[in-house]
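Keep the sequence and the 3D view open as you read.

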Amino acid sequence: MQRRKFLAATGSTLAAGAIGSLVPGAARAAASLWQPGELAAGAAASAVLEALPGKAALIKRSYRAPNYETPINYFDTPFTPNNAFFVRYHLSNIPKVDVRAWRLKIGGAGADKPYELDMTALQRDFEHVELAALCLCSGNRRGMFQPHVQGVEWGVGAMGNARWKGVRLRDVLKKAGVKSGAIEVAFNGADGPALPATADFIKSIPVDKALHEDTLIAWEMNGKPLPHFNGFPARVIVPGWTGTYWMKHVVDIDVRTSPQGGFWMNPAYRLPTGRFPKADPFPTQQNPTNTPITDIVISSLVTSIHDGARVHVGQTVDVSGVAWDGGRGVRDVQVSTDAGQTWQAAKLGRDFGRYSFRQFSYRFKAAKEGVYLVMVKATNLRGDTQVMELVHNPAGYHHNVVERIQVEAV
Amino acid sequence: MKNILIAIALAAACGTTFAAEKDFKLKQAPGVDKVQVNCSACHSLDYIQLNSPFLDRKGWDATVTKMIKALGAPVKAEDIPAIVDYLATNYGKQ
């Protein structure tokens, strides 16, 4: 039926990768089933490494709809390989789209001249753009919420950074003639629900975000066609905003003069109004109780060491990984090895643009026997910084708590 | 069983391969048949273990209600207590 790969799970946090330490770097080449300790027992127990067709072995969270998380070792590089890029669907009716038959309809009450594009026209009629951007699931790290909340219990890997190539959504919309009364632009993909009674997954963004020069319709990631499970043949790229708006298999663009309704706009993907005061606004969807999630909050992930790592006394410990935010750009990454008493700046890697992962690295010598509590805190150019305590919310979004990683020198 | 068959037929029709879904087994306990029939029409049953064991009875009741009212799951009213009972007893916060 389908080829499956089960790789040996590393299981123990000790084995999963103290770099330059007891475990050589080469041992980390295979996909790692390392999972954060905060996950609920059922979430940890139901995870397996498994490959969907066309994909590498990823951490299975649910089979149908397919939700597969990128293992942490793939975040050692600034760009996430296509075959290891996380997979996230709400609905399980996912057709294999034939690119020759694929059509993109652009219309709606806010469009003067509705029209249709095939792939040849999309690629021929508009200027090509390539942009590095992080696609991050709103619920990344939901599984680490305390208290736990219901949903897909993601660990740290419901995210991926890629170079997206396509055309500006703005150019495609302008050809349709956006009316002055347009307030939102909604997207629908070829995928749908298993049963007709379930709401189709339709998402809208504010018209000004749709007309932003960095919002794209992309057919390529990292120089290759989109994998089926990442939206082949074309998906929407909304840099800086969470993945819920990055419609996969996009087939319909609706320029709207009224707010988009439906389950996936409300009550889904909502935050309590005011809980994240610096978030980008979505004026036509906000209400006194709740507001749609919008831009990605500042965060970081340490990939070189995991909680519980052991090193030899005198050894140099590498604290490195990736940092990101919602498009302001990462200003700095600070590292503490003494439980937050003192902080030092990590070295930042190459800047691939304000929507991209930014690598960081810091080295310290574990001079004395005992436990080092390593903490990493990223700050963006607006001054937003990672939180020390979780900002809890019922749907489990925006987890950006500073990691606490115990390293024992023995 | 009919719903399971519909789900399998849909999966086949969609051309989507749903991997090792059948390898996942729910705990065998009273009510498991009703859970299998009703829940697997739309999603694999591993979602249940994934969301455990932190929902109390109220939490599982709210989840089942959401599936029916917000997401259109065609669950017969008389099956609801057995489903909630199974989930709370076998995958609930004790």
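Three bridges join strand S18 of chain A to strand S25 (residues 403-409) of chain A, and these two strands run parallel. The model is predicted. The points below start with the sheet around this pair, then turn to domains, chains and helices.

**The sheet in chain A**

- One of the bridges can be named: A:Ala309 has A:Val407 in S25(A) as its bridge partner.
- S18 and S25 belong to an open sheet of five strands in chain A.
- Read across the sheet, the strand order is S18-S25-S24-S20-S21.
- The pairing in this sheet is mixed.
- Which strands form the edges? They are strand S18 (309-311) and strand S21 (344-345) of chain A.
- Each edge strand pairs on one side only.

**Two domains in chain A**

- The domain assignment of chain A gives domain 1 (104-292) and domain 2 (299-409).
- Their centres, taken over C-alpha atoms, are 30 Å apart.
- The two domains touch: 24 residues of domain 1 and 20 residues of domain 2 take part in the contact.
- On the domain 1 side, strand S7 (128-136) and strand S15 (270-272) of chain A are the elements that give two or more residues.
- S7(A) supplies the largest share of that side, with four residues.
- By class, the domain 1 side holds twelve nonpolar, seven polar and five charged residues.

**Where chain A meets chain B**

- Each chain brings its own residues to this contact: 32 residues from chain A and 32 residues from chain B.
- On the chain A side, helix H1 (41-46) and strand S2 (57-62) are the elements that give two or more residues.
- H1(A) gives the largest share of the chain A side, five residues.
- The chain A side divides into 17 nonpolar, nine polar and six charged residues.

**A helix pair in chain B**

- Two packed helices are described by the angle between their axes and the distance between the axes.
- The axes of helix H2 (residues 32-39) and helix H5 (residues 80-91) of chain B come within 8 Å.
- These axes cross at roughly 105°.
- Why do H2(B) and H5(B) count as roughly perpendicular? Angles of 65 to 115 degrees fall in that class, and so H2(B) and H5(B) are roughly perpendicular to each other.
- H2(B) makes the contact with B:Val32, B:Lys34, B:Val35 and B:Asn38.
- H5(B) makes it with B:Ala82, B:Ile83 and B:Tyr86.
- By class, this helix contact has five nonpolar, one polar and one charged residues.

Conventions. Residues are numbered from 1 along each chain as its sequence is written. Chains are lettered from A and ligands numbered from 1 in the order in which they are written. This is a predicted model: local features need pLDDT of at least 70, side-chain atom pairs count only at pLDDT 80 or more; totals for chains, interfaces and linings use all residues. Two strands pair if DSSP finds at least two bridges between them. Two residues are in contact if their C-beta atoms, placed from the backbone, lie within 7 Å. Ala, Val, Leu, Ile, Met, Phe, Trp, Tyr, Cys and Pro count as nonpolar, Asp, Glu, Lys and Arg as charged, and the others, Gly among them, as polar. Domain bounds come from an automatic or database domain assignment. Axes are lines fitted to C-alpha atoms, for helices over the stretch in contact, and angles run from 0 to 180 degrees between N-to-C directions. Angles under 35 degrees count as roughly parallel, over 145 as roughly antiparallel, 65 to 115 as roughly perpendicular and the rest as oblique.
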